[in-house]
Amino acid sequence: MGSDFAATPPGVCWVINQLDITQVDGQFLREWSETGEPRIIFNYRDPRDLTLSFVNFLCGKTGRGFSNYNDLLPFSAILNSKATLEETLAYALADRSFPGLGDYQRMLWLLHHPNVCKTSFEELVGPRGGGSAEAQGSGLKRVFEFLGVTGTEPADLAGRLFNPGAFSFYRGQIGGWREAFTPALQRLADDRFGEVMQAYGYE
C-alpha cells in the first residue's frame, strides 16, 4: 500500500476480497479512478461458508494444518478451546470482532462500483468444488471480457482454476454450511449477515 497504483506492472490485475475504502489514501483512489488501472476483480463467498472455512482454518483443519497468521493466533486459541464445531461457529458468528465477517458491509462499494468486475467463489469454483461448469464458464467469460483477454477460451482455464491442494482449504466445497449449521447457528448467521445476504445474491 506504500506504492502508487501506477507501480503495478503492465498486464497485472488485482484480485481482491477486501479493500476498506476508509483505510486507503485518497491519492491512491484518485489515481485508480482517473486511469482505471490496474483492473480490479472483487471475489466474494457466501458468508456462511466463509465462516465455516475460516473456523476450520484457524483450528488447523486444513490440508497442511496451516493456521498461524500471527495476528490471528488469539482467535485460534479461543476456537481451539471450544469443545465442538457448533460452539466454535457460535462464537465466530456472535463475536463482532471475529476477523473477516465484517467485511461484507465494508466491501459493498466494490460490489456496486461500475469499474470493478464482480465474481463469486461459488461461480468460479466449478464442478470440482461443488459448482457447475456453466456458471464457471460464464464467470470466466465475464472476467476475460473485463480484462480484454483474447485468444483464450474459458474452457482452456477452467480445469486449472480449482486447486484441491490449496494450503488454506479444508474441503474447498460450496454449501458446506448446510451440513454444519444447526437452526440456532442459522439464526445467528441471519442476525449477522441478514442485511447483506440479498445484496450479494445469497438466500
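Two strands are taken to pair if DSSP finds at least two bridges between them. In this predicted model, strand β2, which spans residues 40–44, pairs with β3 in the parallel sense, over five bridges. Within this pairing, I41 stands opposite C117 in β3, and Y44 is opposite S120, also in β3.

On its other pairing, β2 runs parallel to β1, and three bridges join these two strands. V15 has I41 of β2 as its bridge partner.

Together the three strands form an open sheet in the order β1-β2-β3, with parallel pairing. Its edge strands are β1, residues 14–16, and β3, residues 116–120, each of which pairs on one side only. From one strand to the next, the twist averages 25°.

In a regular strand, side chains alternate between the two faces of the sheet.

Helices accompany the strands. Helix α1, made up of residues 26–35, forms a right-handed β-α-β unit with β1 and β2. Helix α8, residues 133–147, lies across β2 and β3, and runs at about 165° to β3.

Terms used: Residues are numbered from 1 along each chain as its sequence is written. This is a predicted model: local features need pLDDT of at least 70, side-chain atom pairs count only at pLDDT 80 or more; totals for chains, interfaces and linings use all residues. Side-chain values use heavy atoms; hydrogens and water are left out. Helices (H or I, at least four residues) and strands (E, at least two) are DSSP runs, numbered from the N terminus. Axes are lines fitted to C-alpha atoms, for helices over the stretch in contact, and angles run from 0 to 180 degrees between N-to-C directions. Contact means heavy atoms within 4.5 Å. A crossover is right-handed if, with the strands pointing away from the viewer, the path from the first strand over the helix to the second runs clockwise.
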